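Biologist: Could you walk me through this model, starting with the overall picture and then going down to single residues?
Modeller: Gladly; let us look at it together.
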Amino acid sequence: MTTPLVVVGCGGHGREVLTIARAAEAAAGRPRWRLLGFVDDRPSEENLKRVQRLDVPYLGEVAWLRDAPPETHHVIGIGDPRVRLAVAGRVDAYGVPAASLVHPAATIGPDTVHGPGFVAFAGARVTTNVTVGRHVHLNQNATVGHDCTLADFVSVNPLAAVSGDCHLAEGVLVGTTAAVLQGLRVGRHSTVGAGACVVRDVPDGVVVKGVPAR
């Protein structure tokens with residue numbers, strides 16, 4: 001039996017999320033999801049054309065989910081943690097549950113737990129004893145070390161590395177190729193810039209960049 005699935009966001013990130021669902025099904029050798037299509041409030045003409053080339057329909061605005069078929073799940077294909085949080089609040093009000101997707105080329109270690117809406121892209125690596133919240137996205141070749149906690153709506157961008165025993169609070173964005181060193185905390189809705197190296201705790205609501213990150 002397949003479960004209806006809708007991808008929220010038909011930009012590049014959303015279309016990458018679609019490829020994860022398809023890759024997971026191919027690896028399992030059986031269909032799990034019945035992809036209904038994409039929803040997006042303001043899709044560009046170019047993104048609509050790209051979705052069409054993937055042979056997946058554009059269903060309409062996010063409010064389409066309010067009257068979605070029974071058993072429908074959603075996955076949010078939006079890279080910005082703040083936008084993802086806002087959209088999740090809307091979809092939750094419609095009562096549509098979130099699906100979690102793990103690419104078959106990702107590695108999720110033992111005693112790792114995650115909340116609904118978790119997405120692990122190809123090459124993502126999570127080692128052991130890790131706690132991951134709702135709607136967390138681990139992008140291509142991102143790594144998360146032992147004993148970490150990633151709160152809701154965290155994004156770890158491609159090739160970024162989070163060392164062991166770190167705590168990333170709600171809505172944190174770790175930029176491409178950035179590193180967070182062992183045992184550190186990054187505060188709510190803070191951003192670690194691309195290529196930065198975090199060597200001390202980061203407070204809430206700031207942007208840090210550079211080596212060492214300031």
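Modeller: Before any counting, a term: helices, of at least four residues, and strands, of at least two, are DSSP runs that are numbered from the N terminus. This is a predicted model, and its chain has 3 helices and 22 strands.

Biologist: How compact is the chain as a whole?
Modeller: The radius of gyration is 17 Å, close to the 17 Å that the globule rule gives for 214 residues, so the chain is as compact as a globular protein of that length. Along the principal axes, the C-alpha atoms fill a box of roughly 45 × 35 × 30 Å, and buried residues make up 48% of the 214 residues.

Biologist: Okay, sheets next. In what order do the strands of the 7-strand sheet come?
Modeller: That open sheet runs S5-S8-S11-S14-S17-S20-S22, with parallel pairing. Its edge strands are S5 (101-102) and S22 (207-208), each of which pairs on one side only. Inside the sheet's order, strand S8 (residues 119-120) and strand S11 (residues 137-138) pair in the parallel sense over 2 bridges, and the bridge partner of Val-119 in S11 is His-137.

Biologist: And what is the order in the sheet of 4 strands?
Modeller: Here the order is S3-S2-S1-S4, again an open sheet with parallel pairing. Strand S3 (58-60) and strand S4 (73-76) each have a single partner strand, so one side of each is left without a neighbour in the sheet. From one strand to the next, the twist averages 40 degrees.

Biologist: How many bridges join S1 to S4?
Modeller: There are 4 bridges between strand S1 (residues 3-8) and S4, which run parallel, and Leu-5 stands opposite His-73 in S4. Helix H1 (residues 12-28) lies across S1, strand S2 (33-39) and S4, and it runs at about 175 degrees to S2.

Biologist: What sits in the loop between S1 and H1?
Modeller: Cys-10 lies in that loop.

Biologist: Why does Cys-10 count as buried?
Modeller: Buried means under 20% relative accessible area, and Cys-10 counts as buried because its relative accessibility is 0%. Leaving out residues up to four places away in sequence, Cys-10 touches Arg-15, Phe-38, Val-39, Asp-40, Pro-43, Asn-47, Leu-48 and Val-51.

Biologist: Switching to Ser-155, where is it?
Modeller: Ser-155 is in strand S14 (residues 155-156), and it is buried, with a relative accessible area of 1%.

Biologist: Which polar partner does the side chain of Ser-155 have in another side chain?
Modeller: The side chain of Ser-155 makes a polar contact of 2.8 Å with the side chain of Arg-84. Beyond its neighbours within four places in sequence, the residues in contact with Ser-155 include Pro-81, His-137 and Val-172.

Biologist: Last topic: which residues in the largest nonpolar core touch the most other members?
Modeller: Of its 31 residues, they are Leu-138, Leu-150, Val-156, Leu-168, Val-174, Val-192 and Val-198. A second, separate core of 16 residues includes Val-17, Leu-18, Phe-38 and Val-119.

Biologist: And what does Leu-150 touch?
Modeller: Not counting residues up to four places away in sequence, Leu-150 touches Thr-131, Val-132, Gly-133, Val-136, Leu-138, Val-144, Val-156 and Leu-168.

Technical notes:
Residues are numbered from 1 along each chain as its sequence is written. This is a predicted model: local features need pLDDT of at least 70, side-chain atom pairs count only at pLDDT 80 or more; totals for chains, interfaces and linings use all residues. Side-chain values use heavy atoms; hydrogens and water are left out. Buried means under 20% relative accessible area, exposed over 50%, partly exposed in between (1.4 Å probe, protein chains only). A polar contact is a pair of N or O atoms within 3.5 Å; within protein, one must be able to donate a hydrogen and the other to accept it, and residues adjacent in sequence count only if both atoms are side-chain atoms. Contact means heavy atoms within 4.5 Å. Two strands pair if DSSP finds at least two bridges between them. Axes are lines fitted to C-alpha atoms, for helices over the stretch in contact, and angles run from 0 to 180 degrees between N-to-C directions. A nonpolar core is a set of buried Ala, Val, Leu, Ile, Met, Phe, Trp, Tyr and Cys residues joined through side-chain atoms within 4.5 Å. The radius of gyration is taken over C-alpha atoms; the globule rule is 2.2 Å times the number of residues to the power 0.38.
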